[in-house]
Amino acid sequence: MKGVALFGVPGAGKGTQSQLLIKKYDYIYIATGDMLRKEIKEQTPLGKVADEVISKGELLGDDIIIKMIAKRLDNHTEGTFLFDGFPRTIAQAHALEQLLIDRGGELMLFIKLELSLEESMTRLLHRAKTSGRSDDNRKIIELRFKEYQHKTAPVSDYFKEKGLYHSVKGLGTVDAVFGELCTIIDNR
Ligand code: ADP
């Protein structure tokens, strides 16, 4: 059981690239934001908590997220997982490594899609026109950026120290970014 983590600011293109990657490499896709939005839609107890936290632009508690991921991993006995939107804190980074080790596997790659916050804001405001997401508006996006800078950005330094870190410029075309991601993966 192996893992690849796709990292980056909101709007960096993780979701778009994930769709291409799962097709090409047959990865099992785990996107925490999508999982939480599904819980919200189904109005589960977790969904109710998630709805409140997400619409404030904050991060869910680590325990909740880690439990959700563990449950998801246990639906499979083998394969390579692609993580989108996880890990988003140092505690989640530790947990991810441990969850994979406990299942006889490891995290293979941590890839950051690089995008400036200015560009990200432009993309998210554009996406807001069609996404219907409660957190895609300027005020909440700014709060999401704050959470990102305080809690999430340090995660990339953590994986730099582990030697798993790679980065790709997120500003190119979808195909160009995908090409670079594939090169990193194929060289691993
Ligand atoms: P983004 O476009 O910001 O990358 P996501 O769809 O990945 O959005 O996540 C949307 C929201 O869901 C986040 O702002 C956060 O509130 C919550 N969320 C998603 N993943 C996590 C996580 N790993 N830890 C805590 N909260 C999370």
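Helix axes are lines fitted to C-alpha atoms over the stretch in contact, and the angles between them run from 0 to 180 degrees between N-to-C directions. Helices are DSSP runs (H or I, at least four residues) numbered from the N terminus. The structure is a predicted model, in which local features need pLDDT of at least 70 and side-chain atom pairs count only at pLDDT 80 or more, whereas totals for chains, interfaces and linings use all residues. Residues are numbered from 1 along each chain as its sequence is written, and side-chain values use heavy atoms, with hydrogens and water left out.

Helix 6 (residues 117-131) packs on helix 7 at an angle of about 140°, the two axes being 11 Å apart. The two helices are therefore oblique to each other, a class that takes the angles left over once those under 35 degrees are counted as roughly parallel, those over 145 as roughly antiparallel and those from 65 to 115 as roughly perpendicular. To the contact (heavy atoms within 4.5 Å), helix 6 contributes Leu117, Ser120, Met121, Leu124, Leu125 and Arg127, and helix 7 contributes Arg138, Ile141, Glu142, Arg144, Phe145 and Gln149. This contact has 6 nonpolar, 2 polar and 4 charged residues, where Ala, Val, Leu, Ile, Met, Phe, Trp, Tyr, Cys and Pro count as nonpolar, Asp, Glu, Lys and Arg as charged, and the others, Gly among them, as polar.

The axes of helix 2 (residues 32-41) and helix 4 (residues 62-73) come within 11 Å and cross at roughly 95°, which makes helix 2 roughly perpendicular to helix 4. Thr32, Met35 and Leu36 of helix 2 meet Ile65, Met68, Ile69 and Arg72 of helix 4, and by class this contact has 5 nonpolar, 1 polar and 1 charged residues.

In helix 3 (residues 45-55), the buried residues are Gly47, Ala50, Val53 and Ile54, where buried means under 20% relative accessible area, exposed over 50% and partly exposed in between, with a 1.4 Å probe and protein chains only. Seen down the axis of helix 3, these buried residues fall within an arc of 135°, so they line one face of the helix; the arc is that of the directions from the helix axis to the C-beta atoms. Helix 2 and helix 7 (138-152) are included in what covers the buried residues of helix 3, while Pro45, Lys48 and Glu52 are exposed on the other side. Just after helix 3, Gly57 takes a positive phi of about 80°.

Ser156, found in helix 8 (residues 154-161), is buried, with a relative accessible area of 6%. Leaving aside neighbours within four places in sequence, Ser156 is in contact with Phe7, Phe110 and Tyr165.
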